[in-house]
Amino acid sequence: MTFKRLLLANGIFLALGLASQAQAADNNQDQLIKQGAYLARMGDCTACHTSQGHPDFAGGLAIKSDLGTIYSTNITPDKQKGIGNYTEQQFADAVRKGVKPDGSYLYPAMPYPDYAQISDADIHALYTYFMQGVPASQYQPPATDLSFPFSQRWGMRFWNMVFTSDKPFQPIGGASEQVNRGAYIVESLGHCSSCHTPRGFAMNEKALNSSSSDFLAGGALNGWDVPSLRGIARWSPQEIVDYLQTGRNDKAGVAGEMTSVVEHSTSYMTDSDLQAVAAYLKFLGGNPPLQAYDQQKNQATTDKLTAATNLTQGETLYLNNCDACHFANGLGAPRAFPQLDQASIVNAKDPQGLIHIILQGAQLPSTAKAPSKLAMPGFAHRLSDDEVAKLATFVRQGWSNNASAVTADQVKKVRDSLPKQQ
């Protein structure tokens, strides 16, 4: 082989090698973007950072809190209105510590106390996705303007020192790989604790991981009781998966804020990740269901409703408005109409959630594995406050249920909070 031919051959091999490396880099980048998109779904970023009429992640969603209204920010890669100038470290600090590049502090409506446990690898994938996989938007969301003293963001520095942790995720010793995968999802990106853990005097989550019995022990959100995730012993692992994947299972259907979580987040998660979440929640154990199923009590209510004689006003209202879907036995139809007997929302200490659904109705989300949007109509237009109170009281005390009665004043309070019909 002549010298010229040797140089040519070497040049060809070098070019092929460089092309192969470039192709590998492109493939790796594509994979990172895909992984970041999945993690953003797991973290439910869309639900908070997208407002009606604006691009995904452009912000502007009004988040009501006890401190006032907080507006979500633009997290698209726009360099003026979004996060396009963030370095990866600045992105990580905002996500995990609630600290912006200029040193100012985010409010914990952004669940950074939970996101603090996100791994470096997942932060890298998320950063790659938001910088290269999300279209930039120049939308400027409304500015958050809380009243004094909550407007003083510098005070969050001290709040963070007391109520957050910079420790990475700690696997549970002795637990299986599947349980620990579920623990990582629930405790970090899933930020389940932000709703399902009780809050302290400073509106802090009382626990950030399973080392405390307060973790996932139930809370309150916008007037709704949020059930304990340590009390789902009557649900099988597959029923937990079904609920998170489709918004429904043989026992329950989603309502309230959880509807958005299923629609925008958990319905996109893989079967293996949802099974890991279910394994972790079953591993936690904890409190028994709010009310144990009692066959004798269920049958007594069923028989009375079926006979339809000597009914109370609440029982009559149930037959006229609810029986067609939830049936005389209060057990509904699997994966269509939720059970009322033993339901968490029915037996909650605070009946506001149940009242809200009776007045305004509810709709199951459309997901890939359950595309039908089954809906319950609201009865605000046809039932008075007193009638809703009597209906809700019957539901909370019929069958196996044994919750407190509901008053007309409680119904009026919820009705007054609902959006006014045009």
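A polar contact is a pair of N or O atoms within 3.5 Å, and within protein one of the two must be able to donate a hydrogen while the other can accept it. In this predicted model, the side chain of S51 gives an example, since one of its polar atoms lies 2.8 Å from the backbone oxygen of G59. S51 is found in the loop between α2 (45-49) and β1 (62-65), and with a relative accessibility of 9% this serine counts as buried. When residues up to four places away in sequence are left out, S51 touches G59, G60, L61 and Y139.

**The chain as a whole**

The chain holds 18 helices and six strands, and of its 422 residues 45% are buried. Among contacts with a separation of 6 or more, 62% are between residues 24 or more positions apart. The accessible surface of the chain amounts to about 21,700 Å², and carbon and sulfur atoms account for 55% of that area.

In helix α6, which spans residues 156-163, the buried residues are M156, W159, N160 and F163. These four lie on the same side of α6, because they cover an arc of only 100° around the axis. The cover over the buried residues of α6 includes α3 (88-97) and α4 (112-115). On the face of α6 turned away from the buried side are the exposed residues M161 and V162. Both M161 and V162 also belong to a nonpolar surface patch of about 510 Å², which they make together with W154 and F158. F158 has its place in helix α6 as well, and at 46% relative accessibility F158 counts as partly exposed.

**A buried alanine in a loop**

A255 is found in the loop between α9 (237-246) and α10 (257-264), where its relative accessibility of 17% makes it count as buried. Leaving aside neighbours within four places in sequence, A255 is in contact with W224 and I357. A255 and L354 are 99 residues apart in sequence, yet their C-alpha atoms are 9.7 Å apart in space.

**Salt bridges**

Side chains of opposite charge can pair when their charged atoms come close. With a side-chain nitrogen of Lys or Arg required within 4 Å of a carboxyl oxygen of Asp or Glu, the count comes to ten salt bridges. The table sets out three of them.

| Salt bridge | Closest N to O distance |
|---|---|
| K251 and E239 | 2.8 Å |
| D385 and R415 | 2.6 Å |

K251 forms its salt bridge with E239. K251 lies in the loop between α9 and α10 while E239 is in helix α9, so this pair ties together parts that are twelve residues apart in sequence. Both partners are buried, K251 at 18% relative accessibility and E239 with a relative accessible area of 12%.

D385 forms its salt bridge with R415. Since D385 lies in helix α17 (residues 385-397) and R415 in helix α18 (residues 408-417), the pair ties together parts that are 30 residues apart in sequence.

Conventions: Residues are numbered from 1 along each chain as its sequence is written. This is a predicted model: local features need pLDDT of at least 70, side-chain atom pairs count only at pLDDT 80 or more; totals for chains, interfaces and linings use all residues. Side-chain values use heavy atoms; hydrogens and water are left out. Buried means under 20% relative accessible area, exposed over 50%, partly exposed in between (1.4 Å probe, protein chains only). Helices (H or I, at least four residues) and strands (E, at least two) are DSSP runs, numbered from the N terminus. The arc is that of the directions from the helix axis to the C-beta atoms. Contact means heavy atoms within 4.5 Å. Patches are made of residues with over 30% relative accessible area and no salt bridge: like charges are joined within 9 Å, nonpolar side chains (Val, Leu, Ile, Met, Phe, Trp, Tyr) within 5 Å. Accessible areas come from the Shrake-Rupley method with a 1.4 Å probe; for residues, only the protein chains shown count as cover.
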